[in-house]
Amino acid sequence: MYERVWSGEVEGCEVSLGFNEEDGLFSYTAKRDGMVLRDRHCADPVDAGLMDGPGVKWDGKTPLVPSAPEIKFEGRFSPFHTLEEIVSGTWLSPADWPVYRKAMTVDELAGRMTRIARSYAGDRAPDEAYMNFGLIDCSKRLNAIFEGPDNWPNLAFESLFTATGYKEFAFGKSFAYSDPYLLADSHGMPRQVVDQIRMAAANRGQEPLPYRDAVVSLCRQSRLENGGNADSFTVLPFVSVGEFVDEIRRSDRIHVDLYADFNGDKVPMTHLGKTAITLNDMDAEKIRLSMDRAREKHGYYWSRRGNATSSKLDFSSRTFELTELVAAIKSCADWSLFFNQRIEYPSLGYDLDANGSSNRVLLACGMSEWHSDDAQEWIAVSRSKSDRLYHIERIDAWDSYEGPEFEVTESYATKTYPRDLIDQIAADHNEFRETDGVPPFINARYAAQLEHLRDVYPLKQKAPEITPGTAALKDGLAKLEKKAETNMTPGHNTRPGYFTY
């Protein structure tokens with residue numbers, strides 16, 4: 001069931017945004033005069049082009065949801081300021097996302113990549129450097145979901161290298177050639193490409209047409225067969241990865257399948273035939289160096305045919321557009337696919353929902369100190385179902401040969417909701433996300449009603465047969481508070497505002 005996150009009037013339309021915790025998707029609905037103009041589900045409304053944000057390009061259809069700083073979320077989402085905070089407060093890690101959300105995220109990768117590139121480029125057209133920002137961001141997200149490129153679905157991998165515009169900058173334009181006004185000097189093009197265009201336009205038994213006549217003929221034929229306004233095309237070379245790796249290791253000469261990519265709407269590409277071309281010496285050497293670097297670091301992403309596969313990401317039998325393949329090899333070599341965004345909170349075993357089996361519900365968790373790459377200090381706030389107390393714990397966490405380990409070094413229980421502490425953890429969200437890549441967790445299920453959790457679930461412990469009197473209760477609480485004070489030890493390198501009561 002979708003819960004309303006925000007609703008309002010935008011440009012004469014009733015626009016609403018909802019969130020479904022079961023499948024992890026957002027819903028966008030736009031109505032005018034009671035008629036539904038658009039109803040769509042997505043993993044991220046900004047990446048899907050349904051909500052205004054950095055780098056978003058409006059499609060000219062229904063109005064966008066205003067950007068997060070311009071609106072106030074409703075209901076239980078009111079404490080949050082961005083959609084990312086809602087998502088990160090619902091699951092501890094992207095690895096825990098529902099299957100539907102993971103699949104939709106993969107579908108939206110290309111849109112996210114180009115959006116991020118546009119946000120960095122500003123008024124300029126995004127080039128390879130700007131697209132690489134998007135590539136790194138998307139690889140972080142995929143690695144957080146699938147725990148490394150070895151586990152990426154093929155669709156995710158391919159989406160990053162077929163995003164609009166990236167292939168134009170990944171490799172020289174020697175073979176990606178467009179001539180809309182027939183003004184090109186065919187002598188400046190690779191001879192094999194020109195010959196293949198001429199032969200593709202000639203009828204059986206006829207002599208190959210001159211280059212200009214061949215382009216006109218192919219465009220006319222495309223318009224007749226497919227409609228549209230095809231008046232030019234780009235020549236794109238596709239290669240079999242296995243053949244390419246074998247050939248580029250031996251020489252600069254490779255075999256490619258040439259396709260004409262027409263500019264008409266929804267006009268399919270036309271196969272122009274297969275030919276052999278010789279790469280520029282400098283381009284070929286760069287490709288070989290990138291392949292060597294990728295093999296040294298990972299050993300298996302671009303292996304020769306016949307070699308034993310040691311990775312789920314073996315594309316030796318696949319076909320790529322040449323510039324996309326080169327971009328993929330280069331990205332493997334320069335580590336662009338391996339930026340990590342693993343979010344690992346101390347595994348306390350607490351549930352995120354009051355209906356879980358654990359006696360504790362985790363309300364908030366944030367890092368209070370970053371000691372080193374493999375040692376951190378955390379603060380966790382939980383609510384006990386049995387004693388109905390808020391428990392605050394300081395935790396030392398570190399990585400060992402056996403895996404992540406942690407130790408609770410201080411613990412304190414209180415009847416009073418620790419608002420200041422949770423507010424401090426929430427305030428550090430942006431700071432930690434930018435510096436350490438581990439944003440604090442604020443439970444989205446109860447963020448708007450943390451002080452009323454006693455109404456969310458019943459008291460689970462059995463009621464004693466004899467109810468203690470007031471004096472006994474006071475004595476018990478005094479012992480509990482005294483014991484908590486005894487257990488507390490002075491914190492080391494404590495962040496201002498943390499663990500002060």
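A charge sits over a ring if NZ of Lys or CZ of Arg is within 6 Å of the ring centre and within 35 degrees of the ring normal. Arg 101 gives a case of this: its charged end sits over the ring of Trp 97, 4.2 Å from the centre. Keep in mind that this is a predicted model.

**Rings**
- The count comes to nine aromatic pairs.
- Take Phe 19 and Trp 91: their ring centres are 6.2 Å apart and their planes are at 70°, so they pair edge-to-face. Phe 19 belongs to strand β2 and Trp 91 to the loop between α1 and α2, so this pair ties together parts that are 72 residues apart in sequence.
- Phe 19 and Trp 91 are both buried, and together with Phe 26 and Phe 77 they form one aromatic cluster.
- Tyr 390 and Tyr 417 make a tilted pair, because their planes are at 55° with the ring centres 5.7 Å apart. Tyr 390 lies in strand β12, while Tyr 417 is in the loop between β13 and α12, so the pair joins parts 27 residues apart in sequence.
- Both of these tyrosines, Tyr 390 and Tyr 417, are buried.
- Tyr 390 also has a charge over its ring: the charged end of Arg 383 sits there, 4.5 Å from the centre.

**Salt bridges**
- The model has 18 salt bridges.
- Arg 76 pairs with Glu 3, with 2.8 Å between the closest N and O atoms. Arg 76 sits in the loop between β4 and α1 and Glu 3 in strand β1, so the bridge ties together parts 73 residues apart in sequence.
- Arg 76 counts as buried at 17% relative accessibility, whereas Glu 3, at 28%, is partly exposed.
- Those two also belong to a network of salt bridges that links Glu 3, Glu 21, Arg 76, Asp 353 and Arg 445.
- Glu 393 bridges to Arg 360, the closest N and O atoms being 3.7 Å apart.
- Glu 393 is buried at 5% relative accessibility, and Arg 360 is buried at 15%.
- Arg 191 and Asp 195 form a salt bridge at 3.2 Å; they are four residues apart in helix α7, so about one helical turn separates them.

**Helix α4**
- Helix α4 has 19 residues and should span 27 Å, which agrees with the 26 Å between its end C-alpha atoms.
- Of those 19 residues, 14 are buried, so α4 is largely enclosed by the rest of the structure.
- Glu 147 follows α4 and has a positive phi, near 60°.

How values were computed:
Residues are numbered from 1 along each chain as its sequence is written. This is a predicted model: local features need pLDDT of at least 70, side-chain atom pairs count only at pLDDT 80 or more; totals for chains, interfaces and linings use all residues. Side-chain values use heavy atoms; hydrogens and water are left out. Helices (H or I, at least four residues) and strands (E, at least two) are DSSP runs, numbered from the N terminus. The expected span of a helix is 1.5 Å times one less than its number of residues. Buried means under 20% relative accessible area, exposed over 50%, partly exposed in between (1.4 Å probe, protein chains only). Rings of Phe, Tyr and Trp (its six-membered ring) pair if their centres lie within 6.5 Å; planes under 30 degrees apart count as stacked, over 60 as edge-to-face and the rest as tilted. A salt bridge is a side-chain nitrogen of Lys or Arg within 4 Å of a carboxyl oxygen of Asp or Glu.
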